[in-house]
Amino acid sequence: MCARCRTDLSLPLAAEAQAGAKLHQAVARLDEGDAAAARHALEESLRLKRTPLALLLRGFLACRGAGTDPFGQDDAL
């Protein structure tokens, strides 16, 4: 509940928490080597909240899927 205007903030706060959980899940799936599951969890996170970290991870996965190194070291892949 907003102290100033008394608006119920439970739904937006729940969506923010769920977005964070999905982002954490995406990173865990990527760590396990499951890029497809990581992309799916990441897109679910982004549908709820577009954080800078989630957008960065999406760019990383897009470069990785295209066969390019997001860090400019293509031979390291």
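At what angle do α1 and α3 pack, and how far apart are their axes?

1. The model is predicted, with local features requiring pLDDT of at least 70, side-chain atom pairs counted only at pLDDT 80 or more, and totals for chains, interfaces and linings using all residues. Residues are numbered from 1 along each chain as its sequence is written, and side-chain values use heavy atoms, without hydrogens and water.

2. α1 and α3 pack at an angle of about 30°, and their axes are 11 Å apart. Axes are lines fitted to C-alpha atoms, for helices over the stretch in contact, with angles from 0 to 180 degrees between N-to-C directions. The two helices α1 and α3 are therefore roughly parallel (angles under 35 degrees; over 145 counts as roughly antiparallel). In α1, L23, A26, V27 and L30 meet L53, A54, L57, F60, L61 and R64 of α3 (contact: heavy atoms within 4.5 Å). The residues of this contact of α1 with α3 divide into 9 nonpolar, no polar and 1 charged (Ala, Val, Leu, Ile, Met, Phe, Trp, Tyr, Cys and Pro are nonpolar; Asp, Glu, Lys and Arg are charged; the others, Gly among them, are polar).

3. The axes of α1 and α2 come within 8 Å and cross at roughly 160°; α1 and α2 are therefore roughly antiparallel. The residues of the contact of α1 with α2 comprise 10 nonpolar, 3 polar and 3 charged.

4. A35, A38, A41, L42, E44, S45 and L46 of α2 are buried (under 20% relative accessible area, 1.4 Å probe, protein chains only). The cover over the buried residues of α2 includes α1 (10-31) and α3 (52-65).

Key. Buried means under 20% relative accessible area, exposed over 50%, partly exposed in between (1.4 Å probe, protein chains only). Helices (H or I, at least four residues) and strands (E, at least two) are DSSP runs, numbered from the N terminus. Angles under 35 degrees count as roughly parallel, over 145 as roughly antiparallel, 65 to 115 as roughly perpendicular and the rest as oblique.
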